[in-house]
Amino acid sequence: MADFGFNEHHQSEIINYMRFARSKRLLRLKTIDSCFEELKDSRLVEDTFTVDEVREMLDGLQMVVRGEVEMELINTAHTNVLLLRQIFSQAEKFYLRLQSDISELENRELLEQVAEFEKTDFKITNKINQETSKPKLAPLNEGGVSELLNKEIAKLQEENDKLKSRLRTLETQAMSALDEKTKAERALKDLQRTQGEQKEINSLEDTVAALKEDYERSLSANAASQKDLKENLITAKHELLRVQEQLALAEKELEKKFQQTAAYRNMKEILTKKNEQIKEIRKRLQKYEPDD
């Protein structure tokens, strides 16, 4: 059995892929054979052909065969990409970084070994463990890289546990700091409230003092005003009495002067005569009134 440096499981996976590639290759070869058979059956029905007819048949066959081969090569490349994707995905799960050497793909010696492996060892695939039927690649589980990987995983797990413990400690410290912060904020609010109340009390005291001062000033002003008003009132009363006395004297003097005038005497005589006439008219009217 050719040795490629793989364990039994990985070698079985390689055999599975080679079987898959061979089946696709044989299917494409059958398709190409059918192209030739179709040309024989459809075009080679006469005994002789001209050069142009032969050239036309060969050109058509060339196009068909070229298309089949190109399709197979493209499909093979895409299939290899999908296989590499699976391998790299599994490697990333175990934090492995794989590298490829493109130049080794054209190594004739290695290619001949693969061809020899396909010829001689491809027939013993039935002896491989049943794990080859699984659709996914199995994880690494043996010595070498696997042991190193397990150590790395253990180391990472230990660091992870340390980080978790550190995180719990930090969370406890953060909660304690948060409680202290809350208490400090509450105390600050109480202090600010007390200061605000003290400011309000001081403001009220200043207001009361200002009002008291204004009241006292008003009382002083009112006392002075009342004194002035009282004095003015007394003066006004004295002036009123004096004016009234002067007015009475003036009236008496005027009446005295008026009585001494001829107009006053004539008016008085006229009024006396008028009064007598009125009395006479009243007597006459009483004569004409009914008895009742």
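Predicted model: local features only at pLDDT ≥ 70, side-chain atom pairs only at ≥ 80, totals over all residues.
Helix α1 covers residues 8–43 and has 36 residues. The distance from its first C-alpha to its last is 52 Å, close to the 52 Å expected at 1.5 Å a residue. Buried positions in α1 are H9, Q11, S12, E13, I15, M18, R28, I32, C35 and L39. The cover over these buried residues includes α2 (51–93) and α3.

Two packed helices are described by the angle between their axes and the distance between the axes. For α1 and α3 (residues 108–120), the angle is about 85 degrees and the axes are 11 Å apart. Angles of 65 to 115 degrees count as roughly perpendicular, and α1 is therefore roughly perpendicular to α3. On the α1 side, the contact is formed by Q11, I15, M18, R22 and R25, which meet V114, F117 and E118 of α3. By class, the residues of this contact comprise four nonpolar, one polar and three charged. Q11, I15 and M18 of this contact are also among the buried residues of α1.

One aromatic pair is present in the structure. The ring centres of Y17 and F20 lie 6.4 Å apart and the ring planes meet at 40 degrees, so the pair is classed as tilted. Both residues belong to α1, where a spacing of three residues separates Y17 and F20 by about one helical turn. An α-helix has 3.6 residues a turn, so residues three or four places apart point the same way. Y17 is partly exposed, at 24% relative accessibility. F20 is likewise partly exposed, with a relative accessible area of 39%.

Definitions and conventions
Residues numbered from 1 in each chain as written. Heavy atoms only, no water. Axes fitted to C-alpha atoms, helices over the stretch in contact; angles between N-to-C directions. Helix = DSSP H or I, 4+ residues; strand = E, 2+ residues; numbered from the N terminus. Parallel < 35°, antiparallel > 145°, perpendicular 65-115°, else oblique. Contact = heavy atoms within 4.5 Å. Nonpolar A, V, L, I, M, F, W, Y, C, P; charged D, E, K, R; others polar. Phe/Tyr/Trp six-rings, centres within 6.5 Å; stacked < 30°, edge-to-face > 60°. Buried < 20%, exposed > 50% of the residue type's maximum accessible area, 1.4 Å probe, protein only. Expected span 1.5 Å × (residues − 1).
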